[in-house]
Amino acid sequence: MTEPRTPLAGITVVEVGAFMAAPFATMQLADLGARVIKIENPEGGDPTRQTGPFLAGESSPFLRLNRNKESVALDLKSAEGKEAFLRLVDTCDVVVENMRPGAMDRLGFGYDALRERNPRVIYASASGWGQDGPLAPLPGLDIMAQARSGMMSVTGEPDRGPAKVGLPICDLVCGLYIALAVSAALRGRGKSGDGQHIDVSLMEAGVSLSIWEAGRYFATGEVGGREGTAHQTSAPYQALRTADGHITIGAVTDKTWRALCDVLGTGDLYDDPHNATAYQRRERRETLIPRIEEITSARTTESLVSALNEAGVPCAPISDYADVFTDDHLLARDYFWDAEHPQAGAVRQLGSPMRLSTTAVRRGPAGPSLGAHSRSVLEDIGYSANDVTELLEAGVTTEPEGS
């Protein structure tokens, strides 16, 4: 069967990444059709490979985060490994890395060095704090970026300590910005012929999301705090108790506020001029929300969702991931799919949210075993079969047993 056309077909990306930001970025590029060659240390590879649970000895998270990629094991500290890497860069379009600033330079693989060999190369760096500035040399993980970006100061309940977002949001958003910037740089290179360096930090990725907080601070000098599930400026827009759980409701327009009051039988709340706008209702939230919850807490989540949907009030139940991964809507849209792996078999994948009508995203193999493509990629860039065997014997590269 012929593979569908993909937007980035013909683009080759070399990834020197670990854990989340760079691998998540290159996963997007691979989904969009780029050939992604993942360079890994022969001794263990990407540390995510050691993260359980495991399927047939392979990390289940790794198999999903690194789908549609090829794995080449290279000792980048050895002379032979350095030469192989540079020969690979000579033929590629993009390099994506998330090592600590300065580490690639010390290996001889910084942007300036690679640009001398390949002026068209687009070189994307993901890091905790950016490539310069006083924090640049420090280690920066997602939770540190959530902390310094202000995100944790507005996450959690008002009467409790700060909380991090349950997902590694700064890592993931940084990866998305990398993928977006690479796509833009490829477009720019098509006009100028030149590559460029892309610098995206976890911290700035996190700060970029603070639209409401910036709107408040730069207008009034006020600093927002933890609101739980409530909105900073509007109400009702939050989670509310039901008889058997919780429901989220967002009745912030006059039309939806009226409809909510009709469903709940609280016409007096709608008629009160002090509740006329979402901002006014937000200011009266301490008395308004308990009144609403008196009614919602006596009804089941299912009955409320049904009634509110019929009335046109934005709402949703709060799903756990067992609900999400079996969700009828997602199944109807063919969101989940199975990627094949030689040892683990069919590996269920999260779909891409990017749905392009004529250049579909790729649904290829699951994340590869360490060094699964070492031989084929090295031969592609001019190494003979004997050369590769010598590199294998020297430990410069590796491949799975039985390859």
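Student: Is Phe-336 buried or exposed?
Tutor: Phe-336 is buried, because its relative accessible area is 7%. Buried means under 20% relative accessible area, exposed over 50%, and partly exposed in between, with a 1.4 Å probe and protein chains only. Before we go on, this is a predicted model, where local features need pLDDT of at least 70, side-chain atom pairs count only at pLDDT 80 or more, and totals for chains, interfaces and linings use all residues. Residues are numbered from 1 along each chain as its sequence is written, and side-chain values use heavy atoms, with hydrogens and water left out.

Student: Thanks! How many aromatic pairs are there?
Tutor: A search of the whole structure finds six aromatic pairs. In one of them, Tyr-335 and Phe-336 have ring centres 5.1 Å apart and planes at 80°, so that pair is edge-to-face. Rings of Phe, Tyr and Trp (its six-membered ring) pair if their centres lie within 6.5 Å; planes under 30 degrees apart count as stacked, over 60 as edge-to-face and the rest as tilted.

Student: And what does Tyr-335 count as, buried or exposed?
Tutor: Tyr-335 counts as buried, because its relative accessibility is 19%. Tyr-335 and Phe-336 also belong to one aromatic cluster with Tyr-321 and Phe-325.

Student: Where is Leu-167?
Tutor: Leu-167 sits in the loop between α6 (142–148) and α7 (169–192). Helices (H or I, at least four residues) and strands (E, at least two) are DSSP runs, numbered from the N terminus. Leu-167 counts as partly exposed because its relative accessibility is 43%.

Student: What does the side chain of Gln-146 reach?
Tutor: The Gln-146 side chain reaches the backbone oxygen of Leu-167 at 3.4 Å. A polar contact is a pair of N or O atoms within 3.5 Å; within protein, one must be able to donate a hydrogen and the other to accept it, and residues adjacent in sequence count only if both atoms are side-chain atoms. Gln-146 itself is in helix α6 and counts as buried, at 0% relative accessibility.

Student: Changing topic: how many salt bridges does the structure hold?
Tutor: The structure holds 21 salt bridges, each being a side-chain nitrogen of Lys or Arg within 4 Å of a carboxyl oxygen of Asp or Glu. One of them joins Arg-35 and Glu-70, with the closest N and O atoms 2.7 Å apart. Arg-35 lies in strand β2 and Glu-70 in strand β5, so the pair ties together parts that are 35 residues apart in sequence.

Student: What do Arg-35 and Glu-70 count as, buried or partly exposed?
Tutor: Arg-35 counts as partly exposed at 28% relative accessibility, whereas Glu-70 counts as buried at 16%.

Student: Which side chain meets Glu-227 in a salt bridge?
Tutor: That is Arg-282, at 2.9 Å from N to O. This pair links distant parts of the chain, with Glu-227 in the loop between α9 and β9 and Arg-282 in helix α12 (residues 278–283), 55 residues apart. Glu-227 is buried, with a relative accessible area of 15%, and Arg-282 is buried, with 17%.

Student: Last one: where are the cis peptide bonds?
Tutor: A cis peptide bond joins Gly-52 and Pro-53, with omega about 0°, and another joins Ala-235 and Pro-236, with omega about -10°. Pro-53 lies in the loop between β2 (35–40) and β3 (54–55), while Pro-236 lies in the loop between α9 (211–220) and β9 (237–242). Most peptide bonds are trans.
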